[in-house]
Amino acid sequence: MAFNILIVDDSLPMRAVIKRTIRASGFKVGEVLEASSGAEALKMLREQWFDLVLTDYNMPEMNGMELIDAMKNEELLSTIPVVVITTEGSQQKIAEFMEKGAADFIQKPFTPEVIKQKLNRIMGEPEDGEAVADGIDEGLDF
Amino acid sequence: MEKRSLMASMKASISEVMETMFFLPLEFEDVGDINEIIRSAEGGTLACKLAFSGPFSGLSCFLIPVKVAQGLTANFLGEDTDRVNEKHMAGTVKEILNMITGKAFSLYDNQAVFKLAIPEIMPSEKWAYLVTKDVKEAVKLYINTADGDLGLMLVILS
């Protein structure tokens, strides 16, 4: 299964690099669309189904946490997992993200490996090692 | 605020950001004058500042020659250098400073909460005036890369 992803970041270069990194990571990606603000993201989420949202935390007007709050208040959007991509690294801030309902966080700078590992876990996809193990099991199952 | 520890965190942070996101190895020069980057960069420089507050407050500032910013932006966007415009460069430079500052603080003290503002581009000429008599401390880094030299400064105001 390929997943449709919405990237929310006020920085065009950052949106571009996140998009390229996800594709390079090998994570099963379907459509990847971009929103430059929380408000634009909410509009897109109401019009089209996304399996996953990746949002920046530090954005003008509506930050990543406020976007999660707004999504949690709408039944149709409340179950979509949201991953916060952030420069924040304090334990207190990370705990706050998770308490607010973030599915996970990714600290910048990030690598394709970290992105893939986190997104696979959230979406219940097998890790590469598990996929190989499954294949071996199937081969021996007679 | 422990200056030596903060400087070590800044060095580790900028190395990680530039090597992980831009594949740009770098070295630190202990005696470099950051203002010299402004004077000598062909094509000018871009400067960016980011206000922060927390256990201590101030400004994080980044200086980069335009030609280096253009190359890094093209790399970041996955575009040819000639398709990179000023807005793209400004966005990339702001993001670099945001990543370096956030990472440096989390390396310095991951129990502390620092609030980062939105990064802003500023005129390079103002760089020399950032360290005024009100400044409590300034941590400066002169950075050598194969593409050109960069400057990073943390100005502690309170």
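Predicted model: local features only at pLDDT ≥ 70, side-chain atom pairs only at ≥ 80, totals over all residues.
Q: How many residues of chain B are in contact with chain A?
A: On the chain B side, 25 residues are in contact. They meet 22 residues of chain A.

Q: What area is buried between the two chains?
A: About 2000 Å² is buried between chain B and chain A. Carbon and sulfur atoms give 59% of that area.

Q: And how many salt bridges does the rule find across that interface?
A: One, between chain B and chain A.

Q: Which helices of chain B supply at least two residues of the side that touches chain A?
A: Helix 1 (3–22), helix 3 (66–77) and helix 4 (86–108) of chain B each do.

Q: Where does the largest share of that side come from?
A: From helix 4 of chain B, with nine residues.

Q: Switching to the fold. How many helices and strands does chain B have?
A: Four helices and seven strands. From the N terminus, the order is α-β-α-β-β-α-α-β-β-β-β.

Q: How does the radius of gyration of chain B sit with that of a compact globule?
A: The two agree. Chain B has 158 residues, so a compact globule would have a radius near 15 Å, and chain B has 15 Å. Its C-alpha atoms fill a box of roughly 45 × 30 × 25 Å along the principal axes.

Q: What percentage of chain B counts as buried?
A: Of its 158 residues, 51% count as buried. As for contacts in chain B with a separation of 6 or more, 68% come from residues 24 or more positions apart.

Q: Back to salt bridges. How many are there over all chains?
A: The search of the whole structure finds 17.

Q: Where do Lys118(A) and Asp104(A) sit in chain A?
A: The side chains of these two meet in a salt bridge, 3.4 Å from N to O. Lys118(A) is in helix 5 (residues 112–123) and Asp104(A) is in strand 5 (residues 104–107). They are 14 residues apart.

Q: Is Asp104(A) buried or exposed?
A: Asp104(A) counts as buried, because its relative accessibility is 7%, and the cut-off for buried is under 20%.

Q: What about Glu16(B), which residue does it form a salt bridge with?
A: Lys103(B), with the closest N and O atoms 3.7 Å apart. Glu16(B) is in helix 1 and Lys103(B) in helix 4 of chain B, 87 residues apart. Glu16(B) is partly exposed at 29% relative accessible area. Lys103(B) is buried at 12%.

Q: And what separates Glu36(B) and Arg39(B) in helix 2?
A: About one helical turn, because they are three residues apart in helix 2 (residues 34–40) of chain B. Glu36(B) is partly exposed at 35% relative accessibility. Arg39(B) is exposed at 56%.

Q: Which residues are linked in a network of salt bridges?
A: Arg15(A), Lys19(A) and Glu34(A) are linked that way.

Methods
Residues numbered from 1 in each chain as written. Chains lettered and ligands numbered in written order. Heavy atoms only, no water. Contact = heavy atoms within 4.5 Å. Buried area = accessible area lost by both parts, 1.4 Å probe. Salt bridge = Lys/Arg side-chain N within 4 Å of Asp/Glu carboxyl O. Rg over C-alpha atoms; globule rule 2.2 N^0.38 Å. Buried < 20%, exposed > 50% of the residue type's maximum accessible area, 1.4 Å probe, protein only.
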